[in-house]
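User: I have a structure to go through with you. Can we take it topic by topic?

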Amino acid sequence: MKQLQTLSTLAWRNLWRNYRRTLIMTSAIALGVWAMIFMTAMLRGMMADMITQGVNNLPGHIQLHHPEYRADPSIVNRFAPPGDELLEQLNQADIKSWSARVRVPAVIASERASRGVNLIGVDPAEPLPLDGNLLKDGRSLETESDRGLIMGAKLAERLETRLGKRVVLMSQDPDNNVVDRGFRVVGIFESELSATEENQVYAGRATLQKMLRMDQKISELVILTEEQRLLQPTVERLAQSAPHLEVLPWYELDRFLGTSVETFDGFSMVFIVVIFLALSFGLVNTLVMAIFERTREIGLMQALGMTPASICVQILLEAMMLLLIGLLVGNALVLLSLHSIKDGLDISGVAEGMALMGAGSVLKPALHTLDVIRANGVVLVLGIVACALPAWQASRLDPITTMNHT
Amino acid sequence: MTSILCQQLCKTFEQGGSLIKGLDHVDLSIEPGEFVCLSGPSGSGKTTLLNALGGLDTPDQGEITIGDQRIDQLSKKQLAHLRLQKIGFVFQAFNLVPVLSARENVEFVMQLQGIDKAERRQRSDTILAEVGLAGLEQRRPAQLSGGQQQRVAVARAIVSNPVLVLADEPTANLDSNSASQLMDLFQQLNQKRGITFVIATHDQRVMSYCRRLIRMQDGRIVSDETQPGKIALQSEGVAPQEQAL
Ligand SMILES: Nc1ncnc2c1ncn2[C@@H]1O[C@H](COP(=O)(O)OP(=O)(O)O)[C@@H](O)[C@H]1O
Ligand SMILES: [Mg+2]
């Protein structure tokens, strides 16, 4: 189109004719886009944080169990360590690492008290030997045959025991015989979740397998993947190579976390749509006003031989310029504001409620290219679509009547 | 050169339930290079006739021929093209695009016609100088006087060599000094370049410039006189035929 340059010049100059209105509108667009992208980045950061925490506590992105284990997490529902077929799948690129664990209910007793706990047998060479918990005192387990025990600070308090003391663990073997064994407390851990600190104890996997007379068998296979959210293909692949096991991703293992994340996803989309609606209302209004003020010129240009299509294009160009300037400023604002909090935003003041949902007290925004494209795309494309009607109406103005209205 | 022919033109408007005859069986023929004045009281149909001649509006009935082209049945798009290529307009007011400079306003039509930049610039500056606006090319309409604005409009109307220039009350918003300057300019362009002018007015001074005076009333032509005194004036200039070469 040869006239495009003429039309662009006209659109650009008309844009700055009422520069106050244009500035207000571009600021509104900039702010809207900023809010869309920034809030989404914050939400994404929060969700990533929640998922990481959840995955540390579960632990793992995906877990494999005996099909009955979740209903009855006892030694009865154990299974053999991964065979060749499953091992091959576990070596695929989408899987970061995995660990095989023993996990059974047990009773722990000190000289003073006793409590029911989850007894977890791990190989310290494998990932997440303490789940997401931090060792506070003492040492970690050294091998899977380590004879030491690591317990939470709160449990130690309840049992009135401490580092270096001995405790007795009691559970059942596969034949329902009671088995017990003495352990020395070699480490104390801290957890963000007090339930974990009170209920989990960690020992060497081989030590437990011997104590519980379960040979090489295990209770669960914990898998960490590269991808956090899109796990379905991996889950399906694993389920195929381990048909006798139940394969579940984190969002099904922890339904609450799963739905929270889904809700946040929906929320961010609703947020984008609401902001866009407010914006488009302002945008269309601005454009209608601009056209109304300019009816006579539009009539004149038509009288001189400009086609209705060109009038329409000219007005759409004007809207597009307005949108592009707003988007440019808005995206710059996003980069600026995200840069200023790139080390995370300390929300400890308001974080108590968040911690309940598994989020940390420092919020790190996560900017996804796709979110940026989506927000910009929504504003630009739908913005122009919203302006199509006023533009079309302007092109339908009759030169004679508009010119006569002096 | 192109002559203009109207036959049995009718245009009816509806206003508040009653029908108004804007044009009532108008027959008119205009020869190339004529300088025609359309007069008559307000509401007599002058604007309606000009709009029909210029392809801004289509008549309900009748034929309009410009050269060898029937224009009364053209589509909106075809009419836009006709106006762009063949007709120059000078309106009473608001002739110019406010965001464009005088030069850009003159270039506007040529841009729509797809004439390249160098030629546009050269032609617009020549024509602006011809209408006496040399040095004011960069000014926006708001920075020009009413008379100057009308001259820019005239420059734009003639820059792409239209077969016909239509002016609707071009002097109505001007003081008498600017008005006579504008009429001098029209006359000069008519004589020098042989451009056909049709000027609608109810201003006595304007009528005195015209060789042919058509009077309208209630949508009809009530008189059509060629004033003998003006023939001499016309013949002093370059003949239209020569100009065409
Ligand atoms: N768009 C229109 N709608 C209704 N009536 C119109 C319209 N245009 C012109 N008329 C009527 O047609 C008649 C002729 O108008 P017009 O050609 O503008 O007269 P003039 O230009 O001589 O003053 C007037 O009575 C006017 O009211
Ligand atoms: Mg009129």
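User: Which residues form one aromatic cluster in chain B?

Analyst: B:F35, B:F186 and B:F197 form that cluster. Rings of Phe, Tyr and Trp (its six-membered ring) pair if their centres lie within 6.5 Å; planes under 30 degrees apart count as stacked, over 60 as edge-to-face and the rest as tilted. Before going on: this is a predicted model, where local features need pLDDT of at least 70 and side-chain atom pairs count only at pLDDT 80 or more, while totals for chains, interfaces and linings use all residues. Residues are numbered from 1 along each chain as its sequence is written, chains are lettered from A and ligands numbered from 1 in the order in which they are written, and side-chain values use heavy atoms, with hydrogens and water left out.

User: How many aromatic pairs over all chains?

Analyst: There are 8. In one of them, A:W34 and A:F38 have ring centres 4.8 Å apart and planes at 15°, so this pair is stacked.

User: Where do A:W34 and A:F38 sit?

Analyst: Both are in helix α2 (residues 19-57) of chain A, 4 residues apart, which puts about one helical turn between them. Helices (H or I, at least four residues) and strands (E, at least two) are DSSP runs, numbered from the N terminus.

User: Is A:F38 buried or exposed?

Analyst: A:F38 is buried at 12% relative accessible area, whereas A:W34 is partly exposed at 24%. Buried means under 20% relative accessible area, exposed over 50%, partly exposed in between (1.4 Å probe, protein chains only).

User: And what about A:F189 and A:Y202?

Analyst: Their ring centres are 5.6 Å apart with the planes at 70°, so that pair is edge-to-face. It links distant parts of the chain: A:F189 belongs to strand β8 (residues 178-190) of chain A and A:Y202 to strand β9 (residues 200-204) of chain A, 13 residues apart. Both A:F189 and A:Y202 are buried.

User: New topic, the interface. How many residues are in contact between chain A and chain B?

Analyst: 21 residues of chain A are in contact with 25 residues of chain B, contact meaning heavy atoms within 4.5 Å. The two chains bury about 2200 Å² between them, 67% of it on carbon and sulfur atoms. Buried area is the accessible area (1.4 Å probe) that two parts lose on being put together, summed over both.

User: Which residues in chain A lose the most area to chain B?

Analyst: A:R13, A:L304 and A:I400, together 27% of what that side buries.

User: What does A:R13 form a salt bridge with?

Analyst: With B:E104, the closest N and O atoms being 2.6 Å apart. The rule, a side-chain nitrogen of Lys or Arg within 4 Å of a carboxyl oxygen of Asp or Glu, finds 1 salt bridge across this interface.

User: Which elements of chain A give two or more residues to that side?

Analyst: They are α1 (4-15), α10 (295-303) and α14 (399-404) of chain A. α10(A) gives the most, with 6 residues.

User: Last one, B:D224. What does it touch?

Analyst: Leaving out residues up to four places away in sequence, B:D224 touches B:L28, B:R212, B:L213 and B:I214. The side chains of B:D224 and B:R212 make a polar contact at 2.8 Å. A polar contact is a pair of N or O atoms within 3.5 Å; within protein, one must be able to donate a hydrogen and the other to accept it, and residues adjacent in sequence count only if both atoms are side-chain atoms. B:D224 lies in strand β10 (residues 220-226) of chain B and is partly exposed, with a relative accessible area of 39%.
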